[in-house]
Amino acid sequence: MRTRAGRGARRASPPRRAFPAALLLLLLVLGGLGAGARDAAGAPPPLSHPPPRPPSHVAGTERGARPRPPREGGPPQARPPGAPSAPAPTPVDPAYVESLVERARARGLARAPMWLRLGHWRDSFWRSGYLSEVDGPAFFLSPRGQRDPAAELDATLRGFFAPATRDPDRHAVCRFPARLQWLGGQLGLDVARIQVRDCPGLRQFIQLLRPRAITLVFSSYYLARAASAFGHTFLRVEKQDPLATEERRELLDMGVDYGATVDTGNALIYALRGMTGMFRGYFKRLPYYYKVREYNDYESRDLWEYQLDLAPAQVMMVVAHIWELGHTWFDYYYLSENCSYHILGAIEVADPSIHLLDHISTPVIPSETVKALYRNPGLVRRVTYRPSLETQFKARVRGLPGDVLRAIQRLAADPAASLDALTEQQRIAALDAAADLIDMRFADELVFDPGSEARRRKQRLLERRSEIHVPSAELDVAPPWHKAPHLSHGSRRLGLGVGGTADGDVYGRLSFRMALHDMADPPDGYPDLVSFEFLPATVRFATGGDTPFVLEELYFLRIRHINEWTRFNRRPSWDLRAGVRRLTEDECDGCMMGEVAGGGGWGDAFWSGRLAFLATIDTVAGWGPSLAGVKDSGFRLGVGPTATLRAIVARRTALLFAGDWIWLPEQERKALWSVSTTLRTGVGTGSAIDLQLVARPGESSANVSWLLYY
Amino acid sequence: MKMKMKMKTTIALALVLLLSAAGAALAQPGAGPTRPYGAAGCGLGSVVLGNNPGFTQVFAATTNGTFGTQSFGITSGTSNCINPTPGATGARSFSETNRTAMSKDIARGQGETIRTLTALGGCKDASAVGASLQKSYRRIVPNAEVTDRAFGQNVVGVLAADSSLSCKKLAPVAAR
């Protein structure tokens, strides 16, 4: 698939100051440490082709179980005879180390922003002083390291010049290459005094990654799973192509992910422990193709890739820091210290001038972390888009004539269905689309169940396809640029407005929503047919009433999810809400009722989402202390239809009609209903004007609000 | 009357239960029967999890107790899978993981996985590789039950056996 397209501007060259220090790291890692180390600063070795070295004898004998990288990439070469071999290190000199410690103290390096980033120290919330977010004790060389950046700095300098360890990978120099790189740049460390000559594990890691660039990848919103509803971000470490071909093989890049190690399938325990930091979060690496297959194909999520404009030394700094983080853990907090947060923290070590974590706030929403990149002008070099399987399928069937579409449908049910009426090109199109359709519908079975009917169908389709010895045409999917996550409106929303009821009451209106998007909000950067609201609340205030403030509604979650009803997709649409709201009907005017409601039904969209429709049958279960419900208890139970119609009338203007009717069996009131109309139009970059008319038993009101997305 | 009320309460209770069950199901649709994981080769199933422990347990095993000494993320069971380097091993594990997508690309005679495979195998030309694999589809996937591992071996076998493709990096396998 050739679907990539780049966008973005280059900025002026980023700061290069760290380069000699990067050289230090490279020389150490790649085994060139020694005579020429300091005077070679002007002519760095090419990053792309680290010299292959024979496996270190130290690594092999002591830990035989350690896996080695496959070596077909090129037979190991012995160091050419006559080449200068690394000289023996200068003996350990405590006075030299202490002089470094003194210099570091005199320069106040322990308070330098870069040092604090490298140790992930933040001002402690609970007490004065610093506390590192890293929770794995092995990340600190000083026993006080987690709380004391200065002690950790001293211990790090001493560790660098400590005697060689039996296992070199345990030496501070090999464990903390990013610290080495930075401190080397700050203090001009005398590398000849470092007692280890090679870091086999780190060297393998760098050789495997051959880092060339860092890309932040955003995996789109995935409502099917609560933990991914807001999207996800991870890193792609772009590899120098070892074969130096023109076309890059990005599938072979390395993906770096930060995530919680979840050991429960229970949603409640998951939520509870996720909120309170009771999972451990780890950095993990996997080839990018695992990520593509998992997100793009298996979960059908579009991927947006933001390549960062970093100098080689800055790339190296990030990779070195990933190595440091890869061996420790953080307590994982779903809302704050989550995947996106620590991925940003890892990028931030690239350069002191880059500020990312300053631009995000709790809860940390993945799309907001993408926007934090843009707060650093020029940091994003290029944006690319990788369409999901579903997006690819839609592109495949777009414009096909009706008889081919019907053939695809038939093939998905019966892979042996006749295609005699079609031309060869049409047969290819039908078989290719049908195979994608099977992959979408039976993602689970295909991966996990070798004996499944889905696998047999796919096999038969592919057998037929392979018999036509003509390659398929490249699929060209135009990136939907207006859906790029960095264009999305702010994830939080604050609303200020006035309103009045038909009875003549006038009130002020204050609303807040923690996240994320509803169907009337400006649609750029968000899925067209989804409304996902976390903690929306509205309060009225008026001077005349008994109390100045009245809670209108407070929902924990409110979701509407339209699944387009096409000939290929017959998944139901659904809605769900849980929260508290104020009632207006005469029997219980002003009562508060907690409710859980939801249901399924039919939804569809027309004119590429500009007109969308949802109809469901909802069940409502509510309870309120003063409610006259079933059997005069406080419980309300009801069931009834709902309907929603959304029209996007201009690019940032939406018109939303909603209505519901609910039957309340065996309750004092037999039925309830409500209708509303909303007109909302985006103003400037981060706000909107909202007009709303609502009618329901006991109250009709009109509201005007100014909404701020931030 | 009392009876009727009782029935209604029961219905009410059932409704609430139904609703909360539906909510829970929506919240985690992946929760199904436990899937095999771990030593399943490099296939996507060894990594993808839904809400099941597969993915994370594979890595929990790695990360527990590592301490600055291991290339992180390497497990004994999947180390070949996560080090995609040119050569027969890399090409095979790449094919295993990408099987779902690659089997389609093979049948179609072209695609991103085939271009990447061409690079991993050091072959000359991706369209020639695509054409050769397409013709050999039934050899590579003789039936739907073929394991991911066999799939990977078959792909590499076909490439290595077709000398017109000159897949330099796969030579050792061809000789074997």
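## Secondary structure of chain B

Chain B of this predicted model contains 9 helices and 0 strands, where helices (H or I, at least four residues) and strands (E, at least two) are DSSP runs numbered from the N terminus. Along the sequence, the pattern of chain B reads α-α-α-α-α-α-α-α-α.

Of the 176 residues in chain B, 55% are buried; a residue is buried if 20 or more other C-beta atoms lie within 10 Å of its own, exposed if 12 or fewer, and partly exposed in between, with C-beta atoms placed from the backbone. Among the contacts in chain B with a separation of 6 or more, 49% link residues 24 or more positions apart. Two residues are in contact if their C-beta atoms, placed from the backbone, lie within 7 Å.

## Confidence and conventions

The model has an ipTM of 0.82 and a pTM of 0.83. The average pLDDT of chain B is 68, and 51% of its residues score at least 70; pLDDT is the predictor's confidence in each residue, from 0 to 100. Residues 48-71 of chain B have a pLDDT below 50, and this stretch has 57 contacts in the model beyond near neighbours in sequence. Residues 73-78 of chain B also stay under 50, with 20 contacts beyond four places in sequence.

Residues are numbered from 1 along each chain as its sequence is written, while chains are lettered from A and ligands numbered from 1 in the order in which they are written. As the model is predicted, local features need pLDDT of at least 70 and side-chain atom pairs count only at pLDDT 80 or more, whereas totals for chains, interfaces and linings use all residues.

## Chain A and its domains

Chain A has 18 helices and 21 strands. Buried residues account for 45% of its 710 residues. Of the contacts in chain A with a separation of 6 or more, 64% are between residues 24 or more positions apart.

The domain assignment, whose bounds come from an automatic or database source, divides chain A into domain 1 (211-336 + 358-367 + 380-386), domain 2 (390-467) and domain 3 (488-709). The C-alpha centres of domain 1 and domain 3 of chain A are 34 Å apart. Between these two domains, 7 residues of domain 1 are in contact with 10 residues of domain 3. On the side of domain 1 that touches domain 3, the residues comprise 6 nonpolar, 1 polar and no charged. Here Ala, Val, Leu, Ile, Met, Phe, Trp, Tyr, Cys and Pro count as nonpolar, Asp, Glu, Lys and Arg as charged, and the others, Gly among them, as polar.

## Nonpolar cores

A nonpolar core is a set of buried Ala, Val, Leu, Ile, Met, Phe, Trp, Tyr and Cys residues joined through C-beta atoms within 7 Å. The largest one has 155 residues, and Val318(A), Val319(A), Ala434(A) and Leu159(B) have the most contacts inside it. Leaving aside residues up to four places away in sequence, Val318(A) touches Ile214(A), Ala346(A), Ile347(A), Val349(A) and Ala350(A). A second, separate core of 8 residues includes Val620(A), Val630(A), Leu637(A) and Ile662(A).

Strands β19 (residues 671-683) and β20 (residues 687-696) of chain A run antiparallel and are joined by 9 bridges; strands pair if DSSP finds at least two bridges between them. Their hairpin has 3 residues between the strands, and Gly684(A) takes a positive phi near 65 degrees. Val675(A) stands opposite Ala695(A) in β20(A).

β20(A) also pairs with β21(A) (residues 699-709), in the antiparallel sense, over 10 bridges. Ala695(A) has Ser700(A) as its bridge partner in β21(A). The hairpin of β20(A) and β21(A) has 2 residues between the strands, and Gly698(A) in the turn has a positive phi of about 95 degrees.
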